Every structure is written in structure tokens, then in C-alpha cells.
Amino acid sequence: MLGNNDNIQSTILYREQLKGYTRPYYNLQLGYHLHSLIYQFEMKHRKDFREMMIHHIIAIILIISSIVDFRTNIGIIVFVIHDIVDLLLYTCKVIIDTVYYKLLYVLIPILFTCWIYLRIYCLAVVIYHTSYLISSGYAFFLTMLLLLHLYWLHILIIFTYNQIILRQT
């Protein structure tokens with residue numbers, strides 16, 4: 001998906017301001033994370049309150065940092081990595097409590113494959129290829145995001161086992 005190392009490095013070396021299609025995409029992402037951060041205070045009773053607060057704070061810091069440092073090309077890559085998996089994840093969340101829950105037997109393997117490839121592997125590749133170009137703070141927050149994804153993968157495996165595997169028996 002990310003191509004060879006030369007393509008990755010040439011994309012990352014290019015510094016770009018927000019313009020064209022990137023401006024509304026950035027505004028949408030920033031708006032979503034700001035809204036979610038504020039809305040989290042209404043959801044203090046949720047088990048994942050702390051993790052989601054950390055996630056939204058990290059996302060906002062990364063979005064603003066990439067704008068300020070003219071690294072929106074890196075930001076777009078990170079957005080796409082997340083949006084593809086989010087589409088699958090929220091589709092699964094909608095389907096799980098319906099009569100169509102058997103669709104999950106198809107969607108869950110696709111979700112796991114995309115999660116591991118995009119959120120773990122591709123994000124690690126982006127961090128590796130950008131660490132010498134970006135500020136250490138930006139690399140730190142990207143790494144924190146990667147660690148959150150590893151944690152959530154663990155939670156997703158447990159949830160899948162409890163909801164899908166045990167549901168059959």
C-alpha cells in the first residue's frame with residue numbers, strides 16, 4: 001500500500017501547506033477529534049474513557065503539529081490508515097447487535113487483517129521513515145498512537161472471542 005522506500009521518502013520529504021482537498025479533510029478530522037474529546041466528558045462512565053481521551057488528545061496534537069510544520073502529507077497518510085479501519089470497525093459495531101450478526105464471520109477477518117496491516121505495520125513504516133525528518137515530539141506521539149493500536153488489538157481479540165466465538169456455543 002505504501003509503495004517502495006523511495007516513494008515513501010520522496011512523499012515525506014515534500015513539505016506542503018494545507019490546500020485544495022487537504023483543507024476540508026483536515027478540518028473534518030480536527031473537528032471530529034475536537035468533538036469527540038469534548039463528548040468524552042459526557043461518557044466518563046465508559047470503560048475506555050482514559051484510552052479514548054488519550055487517543056483524541058494525541059490525534060489533535062498530531063493534526064495541529066502537521067499543519068504547523070507543513071507536514072500535511074504525513075498527516076494524510078495517517079488519516080487514510082485510520083479511516084479505512086474505522087469504516088470496518090464501525091460497520092462491525094452496527095452489525096453485532098442485529099439479526100445480520102453472521103456477516104461478522106466475513107467482516108471480522110477483514111477487520112483484523114486491515115488493523116494489523118494498516119494500523120500496526122503501515123503506521124510503523126511511517127514512523128520509521130519520518131523519524132529523522134520530523135520533530136521528536138511528533139515521532140513520540142505517532143509512537144504513542146501505535147502503542148494504543150497494539151493495546152486495542154488485544155482488546156479487539158478478547159472482544160471477538162467473547163462475542164463471536166462464545167456466541168456460537
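Trainee: Phe 79 in this predicted model, is it buried or exposed?
Mentor: Phe 79 is buried, at a relative accessible area of 8%.

Trainee: How many aromatic pairs turn up in the whole structure?
Mentor: A search of the whole structure gives four. In one of them, Tyr 26 and Phe 79 have ring centres 4.8 Å apart and planes at 65 degrees, so that pair is edge-to-face.

Trainee: Where do Tyr 26 and Phe 79 lie?
Mentor: Tyr 26 is in helix 2 (residues 22-40) and Phe 79 is in helix 4 (residues 72-95), so the pair ties together parts 53 residues apart in sequence.

Trainee: And Tyr 26, buried or exposed?
Mentor: Tyr 26 is buried, with a relative accessible area of 1%.

Trainee: Which residues do ring pairs link into a cluster?
Mentor: Tyr 25, Tyr 26 and Phe 79.

Trainee: Other topic: Tyr 117 and Tyr 121. Why is that pair called stacked?
Mentor: Their planes are at 25 degrees, and stacked requires under 30, so the label applies. The ring centres of Tyr 117 and Tyr 121 are 5.5 Å apart.

Trainee: Which helix are Tyr 117 and Tyr 121 in?
Mentor: Both are in helix 5 (residues 104-130), four residues apart, which is about one turn of the helix.

Trainee: What is the accessibility of Tyr 121?
Mentor: Tyr 121 has 46% relative accessibility and counts as partly exposed. Tyr 117 is also partly exposed, with a relative accessible area of 34%.

Trainee: What lies over the face of Trp 115?
Mentor: Arg 119 does, at 4.6 Å from the ring centre.

Conventions
Residues numbered from 1 in each chain as written. Predicted model: local features only at pLDDT ≥ 70, side-chain atom pairs only at ≥ 80, totals over all residues. Heavy atoms only, no water. Phe/Tyr/Trp six-rings, centres within 6.5 Å; stacked < 30°, edge-to-face > 60°. Helix = DSSP H or I, 4+ residues; strand = E, 2+ residues; numbered from the N terminus. Buried < 20%, exposed > 50% of the residue type's maximum accessible area, 1.4 Å probe, protein only. Lys NZ or Arg CZ within 6 Å of the ring centre and 35° of its normal.
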